Structures are given as structure tokens and as C-alpha cells.
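Hi,

Here is the structure I promised to pass on. Have a look at it first, and then read my notes below.

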Amino acid sequence: MHPPLDRPHPECVEEIDDLYHCHATTSKLKFWGCNNVKFALDQCLKKEKQNLLVELNKDAAEKRAAEEDAYQKALGKEMSFEDYLKKDKDFNKAMEDRRRMEESGQKK
């Protein structure tokens, strides 16, 4: 199932036109008559969505860092939880032990 085709899909105009043409010229009794055209449209829409997500998320790390800073300031803390864990000797020792066990193939 594809999204509504009445909104603009600038990267998939040709595939949409091909699907409309196929629907207009193929018998309604032939259920699988337009599958190849539909598959091409689905691939194009998927690629369009991936490109849109890349564009929308290009500065996600910066936004996340700004949100984390605002959160820490609101709590009145100078250090994030991740920074605290990096300085915690017990946590780091446990993680190192775990890494060694996974490398050696042993499990608890």
C-alpha cells in the first residue's frame, strides 16, 4: 500500500504517472497487472522517504546535545549521566570485565 498520491512527490512523478496509466489501461479483473509498476513506485517512495529522513535528522546530534544541556541546567547539575558513568571507576571496571568475558566467549 502506498501513501496518498495527491500530495507532491517530486522524485516519483514518473512512477506515479506510470501507475495511473497502468490502472487506466489494465483490466480490473487482472489483479496483478500493475505489480511491476507498483513495485517501482514503492521503491521510489522508499528512497524519497529515506532522503527526507536524512535531511530532517542531519542536525539531530546538535539538537540532542542542546536538549541535554538544557535538561542538566534545569536539574541544576553540572555533569550529564553519561559523563558521570565515564568517571565512575566501579562502572568502568564492570564494563571492562564484561568486555573481556565477551571477547573470550565466556558468559556468566
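**Salt bridges and a helix face**

The side chains of D97 and R100 meet in a salt bridge, with 3.3 Å from N to O. For the term itself, I count a salt bridge when a side-chain nitrogen of Lys or Arg is within 4 Å of a carboxyl oxygen of Asp or Glu. Before going further, please keep in mind that this is a predicted model: local features need pLDDT of at least 70, side-chain atom pairs count only at pLDDT 80 or more, and totals for chains, interfaces and linings use all residues. Residues are numbered from 1 along each chain as its sequence is written, and side-chain values use heavy atoms, with hydrogens and water left out.

Back to that pair. D97 and R100 are 3 residues apart in helix 5, so about one helical turn separates them. (Helices are DSSP runs of H or I with at least four residues, numbered from the N terminus.) D97 is partly exposed at 28% relative accessibility, and R100 is partly exposed at 47%. Here buried means under 20% relative accessible area, exposed over 50%, and partly exposed in between, with a 1.4 Å probe and protein chains only. Through shared partners, salt bridges join K93, E96, D97, R99, R100 and E103 into one network.

R99 is partly exposed at 37% relative accessibility, as is E96 at 27%.

In total, the structure holds 10 salt bridges. Another of them links E68 with R64, at 3.5 Å between the closest N and O atoms. E68 and R64 sit 4 residues apart in helix 3 (residues 60–75), which puts about one helical turn between them. E68 is buried, with a relative accessible area of 16%, whereas R64 is partly exposed at 48%.

Now to helix 1 (residues 13–25). Its 13 residues reach 18 Å from first C-alpha to last, close to the 18 Å expected at 1.5 Å a residue, where the expected span is 1.5 Å times one less than the number of residues. I16, L19 and C22 are buried in helix 1. Seen down the axis, the buried residues fall within an arc of 125°, so they line one face of the helix; the arc is taken from the directions from the helix axis to the C-beta atoms. They pack against helix 2 (35–56), with contact meaning heavy atoms within 4.5 Å. On the other side of helix 1, E14, H21, A24 and T25 are exposed.

Best wishes

Key:
Helices (H or I, at least four residues) and strands (E, at least two) are DSSP runs, numbered from the N terminus.
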